[in-house]
Amino acid sequence: MNNNIDNREAVYYDGERDSMVILDQTLLPNEVKWLTLTSAEEVWEAIKVLRVRGAPVIGVAAAIGAYVSAKQIKAERFEDFSAEFGKVCAYLNSSRPTAVNLSWALNSLQLPVNNLQLTGNDWREYALKAILAAALEIYRGAIADSEKIGEYGLSLTKPGDGILTHCNAGRLACMGIGTATAPIYAGHKRGYGFKVYADETRPLLQGARLTAYELYSAGVDVTLLCDNMAASLMKSGKINAVFVGADRVAANGDTANKIGTLGVAVLAKLFGVPFYVCAPYSTIDAKTKTGADIVIEQREPSEVSEMWYKKPMTADGVKIYNPAFDVTDAELITAFVTEKGIVKPPYKFS
Ligand code: MRU
C-alpha cells in the first residue's frame, strides 16, 4: 500500500532485533514515530494511553508484548516461569476493559504454556518459542481476517457508493486493510470510486487523525465531518451504507464500539441506510450475554476539556462525562461482516 505511514503494520515483531515495534498513534498525523517496547510496563502504558489502539491491534500488541515481557522473567524452573507468565498476562489484561481481543489474545498465549511440561535445561528456550509462535499466529491471523472481511464487505456495496464510517477501524486499528475500512480498500483497488465520509470522533479524534489520514494517504476519496454533521449528511441521501468496527460483540449481537456509534446506528435506521459491523470472530464474546454486561471504559475528563485546545475550553469544576464506548443494540445492525462470512439476524453466537 502506498501511503505516508509506510508499509509496516501498526505493531509488529522485529525478528532481527527480537523485539516489539509499534507506531505511536497518539502523534498521528503530524509525526510518524516508531517505538521499541521491551517490558510489560511499557506495553501496558502503550495500550492504556492509546499509542496502540483498536481492538484487533490491541490483541496483537498484547500477544507480542507478552512475549517480550516473558523474556524478562527471571525463573530457575519452568513451573515458576509459567506462574510468573500468568501474572504478566493478567497485568497486561488490566490495561483496558472493553475490547475483548485483549483477553482473547492473552488467553490464546497462555494455553500453549499451560500445556507444556518442561523439565530439561533448555525449558526457557522452548517456552519462549511456543509463546512467540502463538503471538505470530495472532498477528498473521489478524491480517488474513482483514482481507476476508474486505471481500465479504465489498459484496454489500456497489461502485460509486457513499460510505460513512466512525472512529478508526482501519489498518492502524486492525492490521492488514482494517475491518470497517477493508471493503473500502478492496473496492478502491478495483476502481469502485467510493465516496467515503469519516466522522471526526470526539473526543480523541480517531476519525480525523487516523481514518481520514490513512484513507487519504492511500488515495481514497475521503471527506471528514464533525460527528454532529452525520444526521444532515445521511438525510441528504449521500450515504448508501455505514461500515463500523467493534470492540466487543455480545452473544445476542449487541455491539460495543467507539462512543458515538449508537447515534450513527439510530440515524441509519431512521434514514433507511444499512448499518454493517465489520469484525473478526475474536471480537465476539459468547460469554457476554447482552450489551448490558459489557464493561464500558471511562476515561479522563481532560480528554474532553483540554486535549486539543490551547486553554481548557470549559470552566473549572464543570462535570464531564467521558465513556470511551457505547453499545449499539443488535436490532439496529443490518449484518455483521466477519472473516467467515456475513451474519444476518437473528443473532445468536455460541
Ligand atoms: O479507543 P480505541 O481507539 O481503541 O477504540 C477503537 C474503536 O472503538 C473503533 O471504533 C473500532 O471500531 C474498534 S477497533 C476495530
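Let's start on β2. S19, V21 and L23 point one way from this strand, M20 and I22 point the other way, and all are buried. Buried means under 20% relative accessible area, exposed over 50%, partly exposed in between, with a 1.4 Å probe and protein chains only. In a regular strand, side chains alternate between the two faces of the sheet.

A word on the source. This is a predicted model: local features need pLDDT of at least 70, side-chain atom pairs count only at pLDDT 80 or more, and totals for chains, interfaces and linings use all residues. Numbering runs from 1 along each chain as its sequence is written, and side-chain values use heavy atoms, without hydrogens or water.

Now the neighbours of β2. Strands are DSSP runs of E, at least two residues; helices are runs of H or I, at least four; both are numbered from the N terminus. Two strands pair if DSSP finds at least two bridges between them. β1 (residues 11–14) pairs with β2 in the antiparallel sense, over four bridges. Y12 stands opposite V21. Four residues sit between the strands of this hairpin, and D18 takes a positive phi near 50°. β2 also pairs with β3 (residues 34–37), again antiparallel and over four bridges. There, M20 has L37 as its bridge partner.

Next, D161. Where is D161 found? In the loop between α5 (123–154) and β4 (162–165). Why does D161 count as buried? Because its relative accessibility is 4%. Leaving out residues up to four places away in sequence, D161 touches F194, K195 and N240, where contact means heavy atoms within 4.5 Å.

Last, back to β2. The C-alpha atoms of D161 and S19 are separated by 42 Å.
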